[in-house]
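Work through the exercises below with the sequence and the model in view. Try each task before reading its solution.

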Amino acid sequence: MAAVIAFLFVPIEKQIGFIALVKGLNNFHIFLIDVIISMLAYGLTKFFVAFYQM
C-alpha cells in the first residue's frame, strides 16, 4: 500500500497541486516515510494489545 501511495498517488497530487516536494524530497522518501509510519503503528498496536491483556 505504501508503494501505491508513494509512486501512484504522489505524482497525481503533485500535478493537481495538492503537495509540493521541496528540498530534495522525492517519491522514494515518501515511500520510506510511509513504511516507517506503518511499522511504528503496527509495533505500537501489538505493544498495547499485549499490555492490556496482562
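**Exercise 1.** State in which helix isoleucine 12 lies, and decide whether isoleucine 12 is buried, partly exposed or exposed.

Solution. Isoleucine 12 belongs to helix 1, which covers residues 2–16; helices here are DSSP runs of H or I with at least four residues, strands are runs of E with at least two, and both are numbered from the N terminus. The model is predicted: local features need pLDDT of at least 70 and side-chain atom pairs count only at pLDDT 80 or more, while totals for chains, interfaces and linings use all residues. Residues are numbered from 1 along each chain as its sequence is written, and side-chain values use heavy atoms, with hydrogens and water left out. The relative accessibility of isoleucine 12 is 43%, so it counts as partly exposed (buried is under 20% relative accessible area, exposed is over 50%, partly exposed is in between, with a 1.4 Å probe and protein chains only).

**Exercise 2.** Find which residues form a nonpolar patch on the surface.

Solution. Start with the members: Met1, Val4, Ile5, Leu8, Phe9, Ile12, Ile16 and Phe18. A patch takes residues with over 30% relative accessible area and no salt bridge, joining nonpolar side chains (Val, Leu, Ile, Met, Phe, Trp, Tyr) within 5 Å and like charges within 9 Å. Next, take one member: leucine 8 is in helix 1 and is partly exposed at 46% relative accessibility. Its C-alpha atom is 15 Å from that of alanine 20, 12 residues apart along the chain.

**Exercise 3.** Aspartate 34 has no salt bridge; work out which side chain of opposite charge is nearest.

Solution. Aspartate 34 sits in helix 2, residues 27–52, and is buried. A salt bridge would need a side-chain nitrogen of Lys or Arg within 4 Å of a carboxyl oxygen of Asp or Glu. Lys and Arg count as positive, Asp and Glu as negative, and His and the chain ends are not counted. Beyond four places in sequence, aspartate 34 contacts Ala2, Ile5 and Ala6, contact meaning heavy atoms within 4.5 Å. Lysine 14 is in helix 1, is partly exposed at 42%, and touches Ile19 and Leu21, leaving out residues up to four places away.

**Exercise 4.** Say where lysine 23 is placed and what its phi is.

Solution. Lysine 23 is in the loop between helix 1 and helix 2. With 87% relative accessibility, it is exposed. Its phi is positive, about 55°, although lysine 23 is not a glycine. Most residues other than glycine have a negative phi.

**Exercise 5.** Describe the chain as a whole: how many helices and strands are there?

Solution. The chain has two helices and zero strands. Its radius of gyration is 15 Å, well over the 10 Å that the globule rule gives for 54 residues, so the chain is more spread out than a compact globule. That radius is taken over C-alpha atoms, and the rule is 2.2 Å times the number of residues to the power 0.38. The C-alpha trace spans about 50 × 20 × 15 Å along its principal axes. Of the 54 residues, 11% count as buried.

Methods: Areas by Shrake-Rupley, 256 points an atom, 1.4 Å probe, with all protein chains shown as cover.
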